Amino acid sequence: MITSVDHVLLAAPPGSEPALRRFYAEVLGMTELPKPEALAARGGCWFTSGTAVLHLGIEDPFTPPRKAHPGLRVTDLDALAARLEAAGTRPVWDEDLPGHRRFYAQDPVGNRLEFLEPLTAAR
């Protein structure tokens with residue numbers, strides 16, 4: 001039986017690891033995880049924060065998905081939006097999910113990300 005989601009994999013183009021590291025580690029504040037030696041040669045990078053684990057895998061040719069995305073629950077959604085804006089990434093707010101505040105943003109290679117905070121936890 002399934003007990004949880006272990007990780008989410010997003011694709012990225014060859015050579016994008018430096019931009020991904022700046023975005024996921026520096027802007028979002030995630031911690032990079034070392035990849036196992038057998039997988040490291042494939043490129044890409046892995047990140048974690050709280051219980052969220054994202055794998056960025058190299059895909060050639062790469063096309064970012066238009067709709068598919070991970071939904072990442074956060075605390076202090078407004079502070080995260082400000083961090084993204086300061087780094088040149090525009091949040092697109094969406095108020096259509098009852099009980100939550102949320103926005104979408106794109107990582108440096110065009111992957112769509114949803115950031116959401118339950119209204120009961122919102123500031």
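Tutor: Let us begin with a definition: buried means under 20% relative accessible area, exposed means over 50%, and partly exposed lies in between (1.4 Å probe, protein chains only). Helices (H or I, at least four residues) and strands (E, at least two) are DSSP runs, numbered from the N terminus. This is a predicted model, in which local features need pLDDT of at least 70 and side-chain atom pairs count only at pLDDT 80 or more, while totals for chains, interfaces and linings use all residues. Residues are numbered from 1 along each chain as its sequence is written, and side-chain values use heavy atoms, with hydrogens and water left out.

Student: Which residues of α3 are buried?

Tutor: In α3, the buried residues are Leu-77, Leu-80, Ala-81 and Leu-84. Viewed down the axis of α3, they fall within an arc of 100°, so they line one face of the helix. The arc is that of the directions from the helix axis to the C-beta atoms. In general, an α-helix has 3.6 residues a turn, so residues three or four places apart point the same way.

Student: What covers the buried residues of α3?

Tutor: Their cover includes α1 (17-27), β6 (92-94), β7 (100-106) and β8.

Student: What makes Phe-115 count as buried or exposed?

Tutor: Phe-115 has a relative accessible area of 2%. The limit for buried is under 20%, and therefore Phe-115 is buried. Phe-115 belongs to strand β8 (residues 112-118). Leaving aside neighbours within four places in sequence, Phe-115 is in contact (heavy atoms within 4.5 Å) with residues including Leu-77, Leu-80 and Leu-84.

Student: How do you know whether His-55 is buried or exposed?

Tutor: His-55, in strand β4, has 8% relative accessibility, so His-55 counts as buried.

Student: What makes the pairing of His-55 with His-7 a polar contact?

Tutor: A polar contact is a pair of N or O atoms within 3.5 Å; within protein, one must be able to donate a hydrogen and the other to accept it, and residues adjacent in sequence count only if both atoms are side-chain atoms. The side chains of His-55 and His-7 make such a contact at 3.4 Å.
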